[in-house]
Amino acid sequence: MTVAVPEPVVARVPLGRAVEVRVPATSANLGPGFDTLGLALSMYDDVEVTALEQGRTEVEVSGSGAEEIPRDASNLVIRSIAHVFADAGVEMPGIRLVARNGVPHGRGLGSSGAAVAAGVLAAKGLLEGLVALDDAALLRLATELEGHPDNVAPALFGGLTIAWTAERGPQHKKLLVHRGVSPLVLVPGYTMSTKAARSLQPQQVPSEDAVFNVSRSALLIAALTQSPDVLLDATEDRLHQDYRAPAMPETNRLVRALRAEGYAAVVSGAGPSVLVLCDGPGSRLEAARIAQESTDTPWIPCMVAVDVRGGTVRERAEGSSSQS
């Protein structure tokens, strides 16, 4: 007698399942916290992802960088979704992606990190009920794609984040920013390649510069969470901004002009945008005025807030509550 053995059930995402994702912009480094500190800001990419029949890929993109973004499976959001599915061992469906990009591309505001975070969170939403992804898994997967956690940590979790890598993988600590801190982002019309900016970094720095940045990074945590009055001293840096300055002369000129007037201005991420950590709405307006008068480059002032939620994902259907 032959007994039929049932075939194993293969986990699949239901066709038509759709999720909505919102991910904030981020500013990394914040002056002395090179590759470690990041801040989530209230500028957003909004993404809708729908599961289709396997093999189908549909992409619609609007907003910043839309003309340069791939409309096929090489799209970074879709590649990030695929990475999560492969890690989970679940068959990936076809994907319809509709992206509305509010995070400026190539300006040092974490656009690639936002795309990675959006894809990881979208995959989490699609895999609801099949695979559970906690915060540690989200950060690990996003870091594997992005290469370092300083942008993806605040994009995923919001607020001010300290990111580091331990034997158990990438880690983060989220902190709340003092309500007296009012961020201003000054965005130029030109872009800067993160890879090009990193190529200007020396492999070694003087020990006194390393000690200087350690002290300023420690002070910066206190300044952002407890004592905004020391932000100017706390945002001093000797590890990366001066080395990158020749590639971004207008950015460097603006940072110096603002700091000379007492504003805690730094290069945002790899640049060329400038982040100013002001102490109120009035000082933001004054800093924006200085920006228009200090260089030949037009700067778009963005009066943003610190995003405290980070990336969110929910089912698109009415009444659903899948969020993270």
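## Largest pocket

The largest pocket of this predicted model holds about 790 Å³ of space. A pocket here is an open set of points on a 1 Å grid over the protein atoms alone, where a 1.4 Å probe fits, with protein on both sides within 12 Å along at least five of seven lines. Grid points are joined across faces, edges and corners, and the volume is the space filled by probe spheres set on the points.

The lining takes in 42 residues, each with an atom within 4 Å of a point. Closest to the centre are His105, Gly106, Ser111, Ser112 and Gly113. Six elements are listed as giving two or more residues to the lining: β1 (18-29), β2, α1 (76-88), β4, α2 (111-126) and α5 (194-199). Helices (H or I, at least four residues) and strands (E, at least two) are DSSP runs, numbered from the N terminus.

## Basis of the values

Residues are numbered from 1 along each chain as its sequence is written, and side-chain values use heavy atoms, with hydrogens and water left out. Because the model is predicted, local features need pLDDT of at least 70 and side-chain atom pairs count only at pLDDT 80 or more, while totals for chains, interfaces and linings use all residues.

## Salt bridges

The count of salt bridges is 17. The rule asks for a side-chain nitrogen of Lys or Arg within 4 Å of a carboxyl oxygen of Asp or Glu. One of them pairs arginine 100 with glutamate 48, with the closest N and O atoms 3.5 Å apart. Arginine 100 sits in strand β4 (residues 94-101) and glutamate 48 in strand β2 (residues 33-52), so this bridge links parts of the chain 52 residues apart. Arginine 100 is partly exposed, at 37% relative accessibility. Buried means under 20% relative accessible area, exposed over 50%, and partly exposed in between (1.4 Å probe, protein chains only).

Arginine 96 bridges to glutamate 58 at 3.1 Å, N to O. Glutamate 58 belongs to strand β3 (residues 57-63) and arginine 96 to strand β4, so the bridge ties together parts 38 residues apart in sequence. Both side chains' residues are partly exposed: glutamate 58 at 26% and arginine 96 at 26%. Arginine 96 also meets glutamate 60 in a salt bridge, at 2.8 Å, N to O. Here too strands β3 and β4 are linked, and the partners are 36 residues apart. Glutamate 60 is partly exposed, with a relative accessible area of 39%. Shared partners join Glu53, Arg56, Glu58, Glu60 and Arg96 into one network of salt bridges.

## Threonine 235

Threonine 235 lies in the loop between α7 (231-234) and α8 (241-244). Threonine 235 is buried, at 1% relative accessibility. Its side chain reaches the backbone oxygen of leucine 231 at 2.8 Å. A polar contact, also of 2.8 Å, joins the side chains of threonine 235 and arginine 259. A polar contact is a pair of N or O atoms within 3.5 Å; within protein, one must be able to donate a hydrogen and the other to accept it, and residues adjacent in sequence count only if both atoms are side-chain atoms.

Beyond neighbours within four places in sequence, threonine 235 is in contact with Leu30, Gly31, Pro32, Leu220, Arg259, Ala264, Val266 and Leu277. Contact means heavy atoms within 4.5 Å.

## Cysteines

The whole structure has 0 disulfides, defined as pairs of cysteine sulfur atoms within 2.5 Å. For cysteine 278, the nearest cysteine sulfur is that of cysteine 302, 13 Å away. Cysteine 278 is buried, at 1% relative accessible area. Cysteine 302 is in no disulfide either. Cysteine 302 is buried, with a relative accessible area of 17%.

Alanine 88 lies in helix α1 and is partly exposed, at 28% relative accessibility. Its C-alpha atom is separated by 9.3 Å from that of alanine 132, 44 residues apart along the chain. Leaving aside neighbours within four places in sequence, alanine 88 is in contact with Leu127 and Val131.

Threonine 143 is placed in helix α3 (residues 135-146). Threonine 143 is buried, at 11% relative accessibility. With neighbours within four places in sequence left aside, its contacts are His148, Pro149, Val152 and Pro170.
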